[in-house]
Amino acid sequence: MALTLAELLNHADLGLRLAGSATATLREEIRWVAVTELEDPAQFLTGGELVLTTGVRQRTAIEQRRFVRVLRRAGALGIGFGVGLGHDEIPPALIAEANRWGVPVIEVPYRTPFMAIGKLVADSHSADHYASLERLIGAHQVLARSLLTGGGLHELLKHLGTMLHTEIILTQFTAQLYASGPEAGTPTMDRWVPYPVPTGRRDACTLWARKPFEDTGIISYAQNLISIELNNLTKQRQSQRALAGQVINDVVRGTLEAEEASRRLAAIGVNSTKRNVVLLAESAAHHKNLRGATLPAALDGAVTAMLDRDLVVVVEDDGAAAPKLGRLLSDHLTEAGIHATIGIGGAYTKPNGLRWSYFEAKDAAARGLEVNEPERLSITSLLLASEDVPLADMAGEAIGPLARFDRQHGAELVHTLETYLTLNGSVAQVAEQLNLHRNTVRYRLGQIAELTGYDPAVTADRVQLYLALAVRKVAKA
């Protein structure tokens, strides 16, 4: 600890004596020692100093009183007056003025050099600084050990809050990743101090500390540790989702026997004897960020996987909570800068039920709303769920020639076909909606029949084309 004026007076070898009656600042720490013979040394003082002087410039009572007032306004802690040089004793006018303003005056005997006092104060500051460094290094070790011994981010932040003697919150945008207590509440700028945590991504992670607290330098170290841990957790999620994606993909494709599928699902945390719901997040612009994205707290127990470019979240639920969970997932991803469409599947048991839920979620996401609740599973999705029906290949054979013709000639045969099927085969309505002559519509329908081998006017062929377009839409989603 840095020395106080009272502790300095207790050093018998210095021979110091308190003169006057002012004692208000005797227990305050001496920030530094300033030696001066100037009449007005205020510009060289920052406050909290013990000012040492022999008073050679303060010959009159007026000068002595003015000197005290100058030091008082500059925030000096006290005056050390050396006797035996300019003055045989401390001038009474100086003591009286110091008593008036509450500035302690210490008599320094001729035998005691000012340097000895300065060195003593400097040594106390050095010892104090060394002790602070030792405490800081010890705190570093505690925080680092909390990660290395498996305590994780929760343990690290718990120790940090204890060190700062305050509440700690870690947020990602407006979502809380950690709070030191249930009463922590929502951090605000007037009561909390924010510290950004860099992670190299647009996830706006912030460490908040509730006022008041004293930062000895431990927060900057904690910021670095938190950043490293968050990046490690992201990499872990990416690896886990890649492995789980392989299992989910095999289940969805129907390449596994029921018993083997149940066993492999159990290995990644999915209990197929319970009812499970699939939440599917797809994002054309930010699909790479889905691989390591965090989930809202309500989905902590869910199993996540990457299937193609989609994030699949498997939740044990009877379907009642699924819409709310889908909304929470959508809001959380949006806050993390990921604009995704959420599809929700139905609640089913067994591996085959998981396949159905996945295709329902995929089918729902194709509707394009922020959150899409499940509807009756379409025939297209049911057929896609079966590896025995090469519907995707059939769709490519049927629609492929139209798509190529459109690219080569700037035509709109695919769009015309979609409109024709949507309007239940009404040439008149198609012409009106596309602003075309009816003969033009008939000509295009003829081109479609010639290129695909399927006549849109024939019911069986129309069903084939409708399924092909539906499969193409699902494949693009």
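Modeller: This is a predicted model, and its largest pocket has a volume of about 1100 Å³.

Colleague: Which element gives the most to the lining of the largest pocket?

Modeller: The lining of the largest pocket consists of 44 residues, with Arg237, Gly292, Ala293, Thr294 and Leu295 lying nearest the centre. Among the elements that give two or more residues to this lining are helix H5 (152–164), helix H8 (287–290) and helix H6 (218–253). The greatest contribution, ten residues, comes from H6.

Colleague: How many residues of that lining are nonpolar, polar and charged?

Modeller: The lining of the largest pocket comprises 44 residues. These divide into ten charged, 13 polar and 21 nonpolar.

Colleague: What span does H6 reach from its first C-alpha to its last?

Modeller: H6 has 36 residues, for which 52 Å is expected at 1.5 Å a residue. Just after H6, Gly254 takes a positive phi of about 75°. The span that H6 reaches in the model is close to the expected value, at 52 Å.

Colleague: Which strands stand at the edges of the five-stranded open sheet, and why is one side of each left without a neighbour?

Modeller: The pairing in this sheet is mixed, and the strand order is E11-E12-E10-E13-E14. Each edge strand has a single partner strand, so one of its sides has no neighbour in the sheet; these strands are E11 and E14 (371–372).

Colleague: What angle does the direction of H6 make with that of E11?

Modeller: H6 packs on the sheet, where it touches E11 and strand E12 (310–316). The angle between the directions of H6 and E11 is about 75°.

Methods: Residues are numbered from 1 along each chain as its sequence is written. This is a predicted model: local features need pLDDT of at least 70, side-chain atom pairs count only at pLDDT 80 or more; totals for chains, interfaces and linings use all residues. Side-chain values use heavy atoms; hydrogens and water are left out. On a 1 Å grid over the protein atoms alone, a cavity is a set of points where a 1.4 Å probe fits but cannot get out, and a pocket is an open set with protein on both sides within 12 Å along at least five of seven lines; lining residues have an atom within 4 Å of a point. Grid points are joined across faces, edges and corners, and a volume is the space filled by probe spheres set on the points. Helices (H or I, at least four residues) and strands (E, at least two) are DSSP runs, numbered from the N terminus. Ala, Val, Leu, Ile, Met, Phe, Trp, Tyr, Cys and Pro count as nonpolar, Asp, Glu, Lys and Arg as charged, and the others, Gly among them, as polar. The expected span of a helix is 1.5 Å times one less than its number of residues. Two strands pair if DSSP finds at least two bridges between them. Contact means heavy atoms within 4.5 Å. Axes are lines fitted to C-alpha atoms, for helices over the stretch in contact, and angles run from 0 to 180 degrees between N-to-C directions.
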